[in-house]
4 protein chains.
Amino acid sequence: MTLWGGRFAGGLDPLAARFNASLAVDQRLWDVDIRGSVAWSRALARAGVLTDAECQALCSGLMQVWAEFNAGRFVFAPGDEDIHTAVERRLSEIAGPVGGKLHTGRSRNDQVATDFRLWLMEALAHLQQRLATLQSALLNQAEAHFGLIMPGYTHLQRAQPVLFSHWLLSHFWPLERDRERLGQTAGRAATLPLGSGALAGTGFPIDREALARDLGFARISPNSIDGVADRDFAAEFLFAAALLGTHLSRVAEALIIFASAEFGFVEMSDAFAAGSSLMPQKKNPDMLELARGKAGTLLGLLAGLMATLKGLPSAYDKDLQEDKQAVFTAFDTLDVMLPVVAGTVSTMRIDQDKIRAALDTGSLATDLAEYLVRQGVPFRETHGIAGRAVRRALEMGVDLSALPAEEWAALAPGLDISPAEVFDFGQSVGRRAVPGGTAPEAVQAQLALARNLLISRQI
Amino acid sequence: MTLWGGRFAGGLDPLAARFNASLAVDQRLWDVDIRGSVAWSRALARAGVLTDAECQALCSGLMQVWAEFNAGRFVFAPGDEDIHTAVERRLSEIAGPVGGKLHTGRSRNDQVATDFRLWLMEALAHLQQRLATLQSALLNQAEAHFGLIMPGYTHLQRAQPVLFSHWLLSHFWPLERDRERLGQTAGRAATLPLGSGALAGTGFPIDREALARDLGFARISPNSIDGVADRDFAAEFLFAAALLGTHLSRVAEALIIFASAEFGFVEMSDAFAAGSSLMPQKKNPDMLELARGKAGTLLGLLAGLMATLKGLPSAYDKDLQEDKQAVFTAFDTLDVMLPVVAGTVSTMRIDQDKIRAALDTGSLATDLAEYLVRQGVPFRETHGIAGRAVRRALEMGVDLSALPAEEWAALAPGLDISPAEVFDFGQSVGRRAVPGGTAPEAVQAQLALARNLLISRQI
Amino acid sequence: MTLWGGRFAGGLDPLAARFNASLAVDQRLWDVDIRGSVAWSRALARAGVLTDAECQALCSGLMQVWAEFNAGRFVFAPGDEDIHTAVERRLSEIAGPVGGKLHTGRSRNDQVATDFRLWLMEALAHLQQRLATLQSALLNQAEAHFGLIMPGYTHLQRAQPVLFSHWLLSHFWPLERDRERLGQTAGRAATLPLGSGALAGTGFPIDREALARDLGFARISPNSIDGVADRDFAAEFLFAAALLGTHLSRVAEALIIFASAEFGFVEMSDAFAAGSSLMPQKKNPDMLELARGKAGTLLGLLAGLMATLKGLPSAYDKDLQEDKQAVFTAFDTLDVMLPVVAGTVSTMRIDQDKIRAALDTGSLATDLAEYLVRQGVPFRETHGIAGRAVRRALEMGVDLSALPAEEWAALAPGLDISPAEVFDFGQSVGRRAVPGGTAPEAVQAQLALARNLLISRQI
Amino acid sequence: MTLWGGRFAGGLDPLAARFNASLAVDQRLWDVDIRGSVAWSRALARAGVLTDAECQALCSGLMQVWAEFNAGRFVFAPGDEDIHTAVERRLSEIAGPVGGKLHTGRSRNDQVATDFRLWLMEALAHLQQRLATLQSALLNQAEAHFGLIMPGYTHLQRAQPVLFSHWLLSHFWPLERDRERLGQTAGRAATLPLGSGALAGTGFPIDREALARDLGFARISPNSIDGVADRDFAAEFLFAAALLGTHLSRVAEALIIFASAEFGFVEMSDAFAAGSSLMPQKKNPDMLELARGKAGTLLGLLAGLMATLKGLPSAYDKDLQEDKQAVFTAFDTLDVMLPVVAGTVSTMRIDQDKIRAALDTGSLATDLAEYLVRQGVPFRETHGIAGRAVRRALEMGVDLSALPAEEWAALAPGLDISPAEVFDFGQSVGRRAVPGGTAPEAVQAQLALARNLLISRQI
């Protein structure tokens, strides 16, 4: 049995049937599909298409199908090409001929689009919680290590000293943008296509606004052709997922480098690391490497779906069936990746001594230049003086702060240089007290802001 | 001369200099760069780092540089590796040593990020106008051809009759989502990084909130490391551009098919078509094909930048320099593509006769099934009856509406079938009167909604 | 139990274990993994690391494991994180402590790379057969419809008449290039990494050349670090798969358009088409649409893996674990898609009348221009004359071939135009007799060439 | 004037003309376009379509056009929409009406495809030379530092000691595969489409084989439709470029990490590094970061073109115009990137002391385990012993090699452990003497193999 047998003389080629079948992928939609069908039954009844008794029969049959799925007792039949066929087939077994009335005025096109959006709306809410867990992990570590100064890097070269907490928080804010993007995606996903029929709009007087309210959608689609063809929400989610993956990849990349023996800033806990089948001494940051690698996979899911969407003409084409595997894979990936990265961050050991030992007065050259600026010399000039001082110190093989006084006199004639004041990591950090800067009071304010954001969302 | 000479003994290898230089790409930032520097000068003065006279000297020097660019008289020097170097070099020529004070407390990292965001905010506003032009073109054609019925397609097979205006509007709404996405991207771009310094925050007491107001930003970045490293706004724009490109590709694909001799629904005007160097009879929809092709290129720009971003550690790395070429190319592409597609749509000739001739009573089989539903038969059953009727008509080589009465009697025993009522395209369309449906009153409402959206935005 | 327990105090976090586990993906490697281990055991014996009895014990234990897998009786244990662990665990259960000697001098790094390459080499040979099936289907249809003339299209506009067989063959040759590419990929994949150890080379005197011969590799990897890090073969396969997908997408796109009611050139058999849950009359080319859609997915797999590979430092990083899912998905997709497209092509009905009816003398305008060229007029001029003739015919509403003599006289004064000779589709086709052209004798030669290629490969 | 005016009443919309024009991109094809036209003229003469005098007139006119381009004196006219139009327009100015005979029997479709392939064939040869330069740089450094032992890394954790030369060579072989791939791409590109006309084959009796020989092609295209539609060669090149970019990215990533202060293994020369506008002490590996970043851009070019190709129907569609920008950008990028990376590698300073200081006896744990294997204990057991020894050493805070004898006795009762023999980096490296291993003699052989490959190619 198929849903479209009447016009067809022969059956589907077995390999074609396998190529066509989407059940393995879309069966996880059983919950939203049944809820959608219950709402549709009610809408048909409100429209006078079904009697109350028929509606009741359909709804209670659907409830029973739901219960079978929920209990893991649902049995698929060989002809169930997708979850929608399976649910309707089982409903008819339970409810009898009235089951054949469920699909009145509806098409798989608007049904699938509705199911998929409903699923995504709930999936996005779930991922936002996962995000908050990782944000909390970063925040907790930032609070726990407040005051620790580390070398800040650009180009992976030591640049200027920053608070370790400030560095951790620099990975909090990208996640906050991800949260905002996921929310906006959910907002746009909350448009109900049901009632669009195959493409022309349903032929029955359905109250679509009421249907939208029933199912938790914010609005109805304004055009039935666009209603069944629109997969922007899937592409948007894949983009948000890929960008989130990119952010996880960046924090992973940094921590993998920090976990090298040469840096030695952090050590993964045994619970979030792996060893080697050959080399007994190895403790590898596998979780972070997987996160970094999976960011590539997420990008591929986005590129793949967008390539599929591009070039389709309007309305529904079967190519759109590719949307679900991509979205489900992206969701499943993030669903595990976010807590695993959170666990890795929460349990990693911070080696404060190693971090402090990596501070280097060379990274105070900017402070030197700015110190001279405060004596009235244009920055371009003081930048040059400081640069030559760095070079001189390298040539002499001494620390920048240890250049002898006569060298300073030669480098900056007539200027006053007090190494003690200039070459102090704490003072350097403290001077960057603008909002968003790395001075302790600025970071304290940043921590409070971040904490408040997390709390406000849980209320 | 470079901005970072003091520490360096030798010069840059010529090929390395060419590889490193970004001037050819970033020179279009001259306007935002200078406006950013004027604001920075004022902020330095407010912070007491510059005297009012120094600030005045810098600002009037910058105005002069601006005037040179604006008049097309600015001359780049060989050492100008990027637009920022060029502006500062020229400023110092004009203003003398005080020019060396401009870069106080600022880094190219926060400067570039500020310029780029400012540029994008304005570019996005511009593209939204371009979008509105195309939306208007669709809307005007929809209004001009109101009432015309066409075959609606799914899987490129005739599915159900729809209003041609409804079909046109199905391409209006994706653009409306694009507009919303571009707006949200602009919203997130409006975060000021200036004052972040290289990564640690500026060492001078800059009032960053005032600076944000001066430059038209909505807020300041909360973390200086993230401030210089964040390129989410660029990736977001490229995504929005690629999805917009996909929407243009879909309308292009449909119109290219409609413009084939076999469909013959539309004909491009000579002003938006091209011929062949070999085949004298050809009139090709080149503009639409280019739009469809460039959608692929836009997707590539997105994939490329995201691959670049993935795997970077935190803070600024030079890889980020790849961001601008991608964003500028995407902007320039859309800046021409949107009006060209709008022009193509506005000037194409609609062949109403060909469109009407393509209507086919087979596409009313759903109406037949629903007609029988109204007589109380479950839809699954009426779907089967209608399917068999289609098959029978194919076998007999007649139109579905022309099946003889005895065939109907055999197919649907005991049911009443009145071809005149069922097989009427106008009635079919008229029955789909739910909001979003293709019935004339529903499309009329949709047109009004769309028109109001366009008008409200221009106020 | 894990393979790397000694150095670790605690166990892996359960979610981390799930994130880390690859068994669900890599278990299909059981066959190549066991064959690789048998070969490794023998190599260890040849190197004097194992006694013959030990080698014998390992090999017969591995054979038993193989038999369990082959019979579907293998039972995975909870700690089996990947197929390699599972096999070795089971081997030790069967063979006792000697099982602990199997991994001597080997690392999972070189083991996995070896397994994966071996699997791919065989998968590529399989896909090449699948390709030949589709090529045969095209060729058979081309032979079956030899002589039928169709309008050739560029820009989806009728361009010049061509043989339908010629059009079908235009999709044969891209597949031939795919075959060549898959072969070259297999050639490069046939480089044995085993013996590379974790990265430094095995510490035992293994005869790697003999090992390569045992396992069917063409050569050994020349550098052990590159040996474990190289995934070029995976990226190459994904590229070849994506380009093959693109070719399938192109033939699908053309046939979808040809299957529209407006073209009506082909009709899919019921065995390779699908209907609609709502619209009883629909017969949709779902198989071709899925092929077109999956081409996008294949492109995404390529982009994803390459983004993952980019930016890794040298030697093995865990990110590489992402390689297998992508490669397996691409293989599984093509493994079904190729025969399904072949089946669609083989069983589609060609409507010769509709095809002939679409021939249009306008598409002979080039023949007209070239006819005049043979009278000595420069082509640029005759192109103009023919173009104006087309315009005049459009204005008069007549067929190009039906322009009255006085019009011809006005358009081409002094030139002789004999419509009968010029406006003949058969003569037009026949004139294009260069190798590769569409004249019957040229297409006959092309058919023979294609047939020979297919046959030569089966010998 | 356009090449296709006769049929058109009005001119092209100015914005559409700008959208359509490809001259800015394709003008670099002037050389191959003219050479192609000269060969075409001769072929027309051989076919009796042109007299010898006409052919002579065309060829000498084309030579003059060539000379104007070569001297930088060619002046484009406003109507020159692409390089092909420009050349033919200028030819006609020079040669008079006979210029109008050049395009006889040819279409821009086969002309463009021919030009593009010819250009690519030469570009690929050029890039292979660029590749050899980088391979030489790696090889020279490997020879110069032969004998130096460094820690080999997997997962960026110290794994086992390897020769620094071995590590450098691990980046040689991927480039060798790139060279092979570029060569195979060139091989497939060497298929002549000229003579395919617009799609049906030229209508004149051109000797295509002779034409192929004239232009340096290896064979002619076997099907004229495929001849004008095939862009596999462009996609293949972009893939080869992106994979090459990935290899450059990997070496760049490794060197960027090695150049950090914490590793300190290498220091870029001033000629291949950059400073900071703010921080005077900075020396950044900008060239390597750009290489890493541009690898992302190259991947985007591939994804973009493939998305464009996917979904096109057969034969020529205008979307294909997007091919050239992508291919040219990829070429130009690699053309500079390869020598810049080569220069960076050639001139970087290797800090042998820092490298040696990073050796760590923990990375000899595998040697320990294998040492015990040689005493007959199964590897799985010795791996466990060595792992526990590492843990014990960590707990005691001593070097693995410094564990007291009583600890060894407890860890490996009854086994003999002689630290001196086990914990020697030179011996460890020396034991990995299999072909491809890191032992000095194996690396020496590898160096010889690599050197021979480079030399053999220059002959």
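Mentor: Go ahead, and keep in mind that this is a predicted model. Start with C:Q375, which is in the loop between helix 15 (365-373) and helix 16 (379-396) of chain C.

Trainee: Is C:Q375 buried, exposed or partly exposed?

Mentor: C:Q375 counts as partly exposed, because its relative accessibility is 33% and that class runs between 20% and 50%.

Trainee: What is C:Q375 in contact with, leaving aside its neighbours within four places in sequence?

Mentor: With those left out, C:Q375 is in contact with C:L415 and C:D416.

Trainee: Which part of C:D416 lies 2.7 Å from a polar atom of the C:Q375 side chain?

Mentor: The backbone oxygen of C:D416.

Trainee: New topic. Where is A:E262?

Mentor: A:E262 is in a loop of chain A, between helix 11 (232-258) and strand 5 (266-267).

Trainee: Buried or exposed?

Mentor: A:E262 counts as buried, because its relative accessibility is 12% and the cut-off for buried is under 20%.

Trainee: Which side chains does the A:E262 side chain join in polar contacts?

Mentor: One polar contact, of 2.5 Å, is with the side chain of D:Y153. Another, of 2.7 Å, is with the side chain of D:R158.

Key:
Residues numbered from 1 in each chain as written. Chains lettered and ligands numbered in written order. Predicted model: local features only at pLDDT ≥ 70, side-chain atom pairs only at ≥ 80, totals over all residues. Heavy atoms only, no water. Helix = DSSP H or I, 4+ residues; strand = E, 2+ residues; numbered from the N terminus. Buried < 20%, exposed > 50% of the residue type's maximum accessible area, 1.4 Å probe, protein only. Polar contact = N/O pair within 3.5 Å; in protein donor to acceptor, adjacent residues only side chain to side chain. Contact = heavy atoms within 4.5 Å.
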